[in-house]
Amino acid sequence: MEKSIRDCTLCYDAPCSKACPEFDIERILRACKFDAVEAIAAATDFTDACETCEAPCMAVCSKHVNIKKVISEITVAKDSFDQLPEDQTVDLSCEICGVKLENPFLLSSSVVASNYEMCARAFEMGWAGAAFKTISLMDIHEASPRFSAYTGTDGTFAGFKNIEQLSDHSLEENMECFRKLKEQYPTKVIVASIMGRNEEEWEYLSCKVTEAGADVIELNFSCPNMEEKGTGVDIGQDPELVKRFTRAARRGSPIPILAKMTPNITDMRVPAEAAMEGGADGIAAINTIKSITGVNIDTLVAAPAVRSRSSIGGYSGRAVKPIALRFISEMHSDPKLKQAHISGMGGIYTWRDALEFLLLGAGSLQITTAVMEYGYRIIDDLLAGLKHYMLLRYYKSVSEFIGEATESVVDTDQLERDTILFPKFHYEHCDGCGRCYISCRDGGHQAIAFDAETRRPSLLGKKCVGCHLCKLVCPNHAIDTAKKRITFS
């Protein structure tokens, strides 16, 4: 199934779905790609419809995905999936500082939430709200092109760079958008991202977005791409400015305020605490990370090239998730930020990614890069996967597990270091590639022997330190962790 799903491009208005009289094929393939197979299998009666079918879906697929095989494998695997409890319901709603969200998922402040049409379409598809693209009183002029990507072996974005700034619409145009959205979608939450250059602008913008119907204000102290000095990330790296401008925004509005933090700093807790002292109700994190995604070795210009020049820009996407989780965990564990709502973002693609943010203390979630790559439709899989997980674990509401994993993250001096867990080989899944042997030999502790005739690896227990590099590099997932623990003390 894995290769077929990797080949699928998740077409718009997918021909495979239009050709199939039984199922929404694109929806099923998308669930596979976004780790929501169990959820879609639980909600779909596959029966034997595909066995005798002539597969018109495959005939129209430009990538020749073996759709029948995918359906067959899901059907077989369905029996091994955990059964959902009967008559169990879950509540996906949560809140931002008392403002109710239908579910935890919002669009983050960026190009994906920059006008009425886009936000309306996202709301119709199930997103709970949107942090609108940052509004300012500055004259914004963007570069072209302004995106570049660092891609994985399958061509998808591993990391995504932008050199984009703020909304280039006028303040009144954006306020009209807010008013129209609140009129048409009263249950959806509008987070108004704003950026000022001085206290007067922060207070004025805070007042204006509140009058236009914003539910929450997000203070952009973190954009790394600003043409005008003393704005964006320049503020976020200075706790005193963070506190001062938060106070100014608070003077302009009584509604909840989030301060959006920059990851381009050693300790995010310092400016976050300053924001709370200035009157913020919560924190949004993380914004993008300063980056260069690469250099064209023919033109010798970094990407994206703007008339043979480039600049450092903001990095997002899957690659930043571990960094984002670190900051979320640190802030949630900080006693001075105990009362702060944390709106988490940074590399969320699947419901599992989202769940990890929630478990480490985020109370709401924002997404951009995954939407840029796959569209608003990913909300289906985010909701289905999270709901399925909650049903299996007998959670009734999202609030029950927010921050539940935080205590598992401790200082390094608190880790137990007197035992070893050995790896365990599952030869029925091993194809004899020898990757584990090479990695252990050249990057580990020479603790694996390899029989060239049988093409089987074996463990040299006296040399193994239990680092589990072999398990991580195995392409067939044929190495597991042994239950036996060796103790040295």
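Residues are numbered from 1 along each chain as its sequence is written. In this predicted model local features need pLDDT of at least 70, side-chain atom pairs count only at pLDDT 80 or more, and totals for chains, interfaces and linings use all residues.

**Helix pair**

The axes of helices α11 and α12 come within 8 Å and cross at roughly 25°. Axes are lines fitted to C-alpha atoms, for helices over the stretch in contact, with angles from 0 to 180 degrees between N-to-C directions. Helices (H or I, at least four residues) and strands (E, at least two) are DSSP runs, numbered from the N terminus. The crossing angle makes α11 roughly parallel to α12 (angles under 35 degrees count as such).

Contact (heavy atoms within 4.5 Å) involves these residues:

| Helix | Range | Contact residues |
|---|---|---|
| α11 | residues 239-252 | P239, V242, K243, T246, R247 |
| α12 | residues 269-277 | V270, P271, A274, A275, E277 |

By class, the contact residues divide into six nonpolar, one polar and three charged; Ala, Val, Leu, Ile, Met, Phe, Trp, Tyr, Cys and Pro count as nonpolar, Asp, Glu, Lys and Arg as charged, and the others, Gly among them, as polar.

**Sheet**

An open sheet of four strands runs in the order β5-β6-β14-β11, with antiparallel pairing (two strands pair if DSSP finds at least two bridges between them). At its edges lie β5 (147-151) and β11 (289-291), each pairing on one side only. From one strand to the next the twist averages 35°. Three bridges join β11 to β14 (residues 313-316) in the antiparallel sense, and I289 stands opposite Y315 in β14.

Notes. Heavy atoms only, no water. Parallel < 35°, antiparallel > 145°, perpendicular 65-115°, else oblique.
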